[in-house]
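Biologist: Can you take me through this model in plain words? I will ask as we go.

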Amino acid sequence: MDKSLHLEIVTPDKVVLSEAVDYVGAPGFEGEFGILPNHIPFLAALRIGVLHYKAAGKTREVFVSGGFAEISDNKVSILAESAERAEDIDVERASKAKDRAEARIAQERDRIDYTRAQAALQRALQRMSAARK
Ligand code: ATP
């Protein structure tokens, strides 16, 4: 039983990625975790971060805005509100989103919007990080 893994990353809009891979490293809520072929069935919540995968000897990065990872029968399914491959990330857009979020955080320390601004800031920083690698 030495099958390869199939990685699929899906958002409400589209299938961001669907391909055979050798390894997946995902940003779990409780910390980064790795998946190799023949992993046991597993369900995990993801945080805003960068997913890595290895295929044909190369490591690639994908931004994920949280969501869930389900591993079953050598298939890794990622469901996220938004996700982009590193090469599809608009770094200037992320940089502007970072500036907006920082300005909101500076103004709205006492309001509920603070939490949303913190999440927006994390998305922007992790997009920039995914695009840099
Ligand atoms: P922004 O304020 O720039 O819209 P956001 O974090 O609020 O950023 P999301 O709600 O996570 O954006 O995503 C909305 C849509 O825009 C999704 O389809 C997502 O893939 C896309 N998107 C957001 N930021 C970028 C980016 N920097 N590069 C490429 N696509 C992006």
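Modeller: A network of salt bridges links E19, R85 and E87. A salt bridge here is a side-chain nitrogen of Lys or Arg within 4 Å of a carboxyl oxygen of Asp or Glu. The model is predicted, so local features need pLDDT of at least 70 and side-chain atom pairs count only at pLDDT 80 or more, while totals for chains, interfaces and linings use all residues. Residues are numbered from 1 along each chain as its sequence is written, and side-chain values use heavy atoms, with hydrogens and water left out.

Biologist: How many salt bridges does the structure hold?

Modeller: Six. One of them joins the side chains of R127 and E84, at 2.7 Å from N to O. R127 lies in helix α2 (residues 113–132) and E84 in strand β8 (residues 83–85), so this pair ties together parts that are 43 residues apart in sequence. Helices (H or I, at least four residues) and strands (E, at least two) are DSSP runs, numbered from the N terminus.

Biologist: And are R127 and E84 buried or exposed?

Modeller: R127 counts as buried at 19% relative accessibility, and E84 counts as buried at 18%. Buried means under 20% relative accessible area, exposed means over 50%, and partly exposed is in between (1.4 Å probe, protein chains only).

Biologist: Which residue does K96 form a salt bridge with?

Modeller: With E92, where the closest N and O atoms are 3.6 Å apart. K96 and E92 are four residues apart in helix α1, so about one helical turn separates them. K96 is partly exposed at 48%, and E92 is exposed at 55%. The side chains of E102 and K98 also meet in a salt bridge, at 3.5 Å from N to O. E102 and K98 are likewise four residues apart in helix α1, about one helical turn.

Biologist: New topic. Which residues form the positive surface patch?

Modeller: R93, R100, R104 and R116. Patch residues have over 30% relative accessible area and no salt bridge; like charges are joined within 9 Å, and nonpolar side chains (Val, Leu, Ile, Met, Phe, Trp, Tyr) within 5 Å. Lys and Arg count as positive and Asp and Glu as negative, with His and the chain ends not counted. Helix α1 (residues 91–107) gives the largest share of this patch, three residues. R104 is found in helix α1 and is partly exposed, with a relative accessible area of 31%.

Biologist: What makes up the nonpolar patch?

Modeller: L43, F68 and L79 make it, with an area of about 340 Å². L43 is found in strand β5 (residues 42–55) and counts as exposed at 61% relative accessibility.

Biologist: What is the phi of N38?

Modeller: Near 65°, a positive value in a residue other than glycine. Most residues other than glycine have a negative phi. N38 lies in the loop between β4 (31–35) and β5. D73 is not a glycine either, and has a positive phi of about 50°. D73 is found in the loop between β6 (58–72) and β7 (75–79), and is exposed at 61%.

Biologist: Last one: which residues does the UniProt domain annotation cover?

Modeller: Residues 5–83, under the name "ATP synthase F1 complex delta/epsilon subunit N-terminal", from an unreviewed entry. UniProt annotations may be inferred rather than shown by experiment. Over residues 5–83 the chain is 0% helix and 75% strand, and the end C-alpha atoms are 20 Å apart.

Note on methods
Accessible areas come from the Shrake-Rupley method with a 1.4 Å probe; for residues, only the protein chains shown count as cover. The place of a charge is taken as NZ of Lys, CZ of Arg, CG of Asp or CD of Glu.
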